[in-house]
Amino acid sequence: VTDIDDVTGEVTYEVSVDVGPEIDSSSLANISNEAVSAIDSTLSNPAILENIANEIKSEAPGASDATIAEELSSVSVTDFTLEETTLVTAGEAIVAATSGTLDTNL
């Protein structure tokens, strides 16, 4: 969890996924497809979703709005919907930035 919006309760989080050297890295399209697949697979794992929920719960007391903090303290994450992925080169690395929506009980 990198940020919790104190007004809306929107949570920003970061997930790190490494894509191995065995992929065909001859084009950004191949790398993009592999990255999207890895992100989707990772965020479809119930254990990962539970870890995200636990991280949100641990950060919840830091929200300045007590109502938001209380709601987030009982969050349960059930699914992830992948939205948009962009690739950016950063020196030798290629960074994939993906947006999506976590489905929760809130």
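The legends below describe close-up views of one predicted model.

Residues are numbered from 1 along each chain as its sequence is written, and side-chain values use heavy atoms, with hydrogens and water left out. Because the model is predicted, local features need pLDDT of at least 70 and side-chain atom pairs count only at pLDDT 80 or more, whereas totals for chains, interfaces and linings use all residues.

**View 1. The protein chain and its elements.**
The protein chain has 3 helices and 4 strands, in the order β-β-α-α-α-β-β from the N terminus. Helices (H or I, at least four residues) and strands (E, at least two) are DSSP runs, numbered from the N terminus. Of its 106 residues, 22% count as buried; buried means under 20% relative accessible area, exposed over 50%, and partly exposed in between, with a 1.4 Å probe and protein chains only. Among contacts (heavy atoms within 4.5 Å) between residues at least 6 apart in sequence, 47% join residues at least 24 apart.

**View 2. Helix α2 and its buried face.**
Helix α2 has 14 residues and reaches 20 Å from its first C-alpha to its last, close to the 20 Å expected at 1.5 Å a residue. The expected span is 1.5 Å times one less than the number of residues. L49, I52, A53 and I56 are the buried residues of α2. Seen down the helix axis, the buried residues fall within an arc of 100°, so they line one face of α2; the arc is that of the directions from the helix axis to the C-beta atoms. An α-helix has 3.6 residues a turn, so residues three or four places apart point the same way. The buried residues of α2 pack against β1 (3-4), β2 (11-12), α3, β3 and β4.

**View 3. The largest nonpolar core.**
A nonpolar core is a set of buried Ala, Val, Leu, Ile, Met, Phe, Trp, Tyr and Cys residues joined through side-chain atoms within 4.5 Å. The largest one holds 17 residues, of which I52, I56, L72, V77 and L102 touch the most other members. Two or more residues come from each of α2 (46-59), α3 (66-72) and β3 (77-90), and α2 gives the most, with 4 residues.

**View 4. V77 and L102.**
V77 lies in strand β3 and is buried, with a relative accessible area of 10%. Leaving aside neighbours within four places in sequence, V77 is in contact with L49, I52, A53, I56, L102, D103 and T104. V77 and E50 are 27 residues apart in sequence, with their C-alpha atoms 6.4 Å apart. L102, not counting residues up to four places away in sequence, touches Y13, L49, I52, V77, D79 and F80.

**View 5. The hairpin of β3 and β4.**
Strands β3 and β4 (residues 93-104) pair in the antiparallel sense over 12 bridges; two strands pair if DSSP finds at least two bridges between them. The two strands form a hairpin with 2 residues between them, and G91 in the turn has a positive phi of about 70°. T81 has T101 of β4 as its bridge partner, while F80 stands opposite L102.

**View 6. T67 in helix α3.**
T67 is found in α3 and counts as partly exposed, at 49% relative accessibility.
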